[in-house]
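The sequence and the model come first.

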Amino acid sequence: MHPFSYIKAKSLADAAALLQAHPEAKLMSGGMTLLPTLKQGLAQPSHLIDIGGLSEMSGIELKGDTLLIGAATRHYDTANSAVVKKAIPALAYLACLIGDPQVRNRGTMGGSVANNDPAADYPSAVLALNATVITNKREIAADDFFQGMFATALEEGEIVVRFAYPLPKRAAYEKFPHPASGYAM
């Protein structure tokens, strides 16, 4: 593995400043996508900026007819949230199917969507539910956010902060897991 420096951001503003100061840095919250790419040498950042504990990026809230979920909210919290289960039960169900208990207790919606791994579960939900990706700089409609495999509309220094899901009349999620890995196919 390539050597790097580890920095724990103190706030969202601090994380943005650190990204600007270290253009070769990568953000990490749960690290479920990033850590394997580091181990395989597919990513070689100069710094890892840990944003996992930032309160302004966590939490679940229902505001009118919109469900807001912080990018650093763990899969486990989404799966077990009474608010999510009532507002969009399919999203809670999707979250409970992700990985294994260790992954659900560390992984985040923000990392899953920001990396746009085609085997991840959340990108399909963000698209199907017509969610808005809210960053530290702007709001991006789901249709405009995803640009190809592992490619998004995120610009340099842009950080996914939360997701805004309009409440659907109905929604369902069915996963077709790969027999060996459990990843969605």
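## Chain overview

Of the contacts in the chain with a separation of 6 or more, 58% are between residues 24 or more positions apart, a contact being heavy atoms within 4.5 Å. The model is a predicted one, in which local features need pLDDT of at least 70 and side-chain atom pairs count only at pLDDT 80 or more, while totals for chains, interfaces and linings use all residues. Residues are numbered from 1 along each chain as its sequence is written, and side-chain values use heavy atoms, with hydrogens and water left out.

The chain has 9 helices and 10 strands; these are DSSP runs numbered from the N terminus, with helices (H or I) of at least four residues and strands (E) of at least two. Its radius of gyration is 16 Å, close to the 16 Å given by the globule rule for 185 residues, so the chain is as compact as a globular protein of that length. The radius is taken over C-alpha atoms, and the rule is 2.2 Å times the number of residues to the power 0.38. Along the principal axes, the C-alpha atoms fill a box of roughly 45 × 40 × 30 Å.

Buried residues make up 43% of the 185 residues. Buried means under 20% relative accessible area, exposed over 50%, and partly exposed in between (1.4 Å probe, protein chains only). The accessible surface of the chain comes to about 9700 Å², and 54% of this belongs to carbon and sulfur atoms; the areas come from the Shrake-Rupley method with a 1.4 Å probe, and for residues only the protein chains shown count as cover. The mean positions of the 16 positive and 17 negative charges are 6 Å apart. Lys and Arg count as positive and Asp and Glu as negative, without His and the chain ends, and a charge is placed at NZ of Lys, CZ of Arg, CG of Asp or CD of Glu.

Helix α1 spans residues 12-21, and L12, A15, L18 and L19 are buried in it. These residues cover an arc of only 120° around the axis, which puts them on the same side of α1; the arc is that of the directions from the helix axis to the C-beta atoms. The face turned away from the buried side carries the exposed residues A13, Q20 and A21.

In helix α5 (residues 89-97), the buried residues are A90, L91, A92, L94 and A95. They pack against the strands β5 (66-70) and β10, and against the helices α3 (75-80), α4 (82-87), α6 (101-106) and α8 (122-128). After α5 comes G99, with a positive phi near 50°.

N116 is not a glycine, yet its phi is positive, about 45°. This residue lies in the loop between α7 (109-115) and α8 and is buried, at 9% relative accessible area. F150, also not a glycine, has a positive phi of about 60° and sits in the loop between β8 (146-148) and β9 (151-152).

The table pairs each residue with another position in the chain.

| Residue pair | Separation in sequence | C-alpha to C-alpha distance |
|---|---|---|
| R106 and S58 | 48 residues | 13 Å |
| V161 and A72 | 89 residues | 7.6 Å |
| Y173 and L91 | 82 residues | 7.5 Å |
| C96 and T108 | 12 residues | 12 Å |

The contacts below leave aside neighbours within four places in sequence.

V161 belongs to strand β10 and is buried, with a relative accessible area of 4%. The contacts of V161 are L12, E56, M57, G70, A71, I134, T135 and N136. L12 is one of the buried residues of α1.

Y173 is found in the segment after β10 and is buried at 15% relative accessible area. Y173 touches A90, Y93, L94, L97, D121, S124 and A184. Among the buried residues of α5 are A90 and L94.

C96 lies in helix α5 and is partly exposed, at 36% relative accessible area. C96 is in contact with A79 and R104.

R106, in helix α6, counts as partly exposed at 38% relative accessibility. R106 is in contact with S29, G30, M32 and R74.
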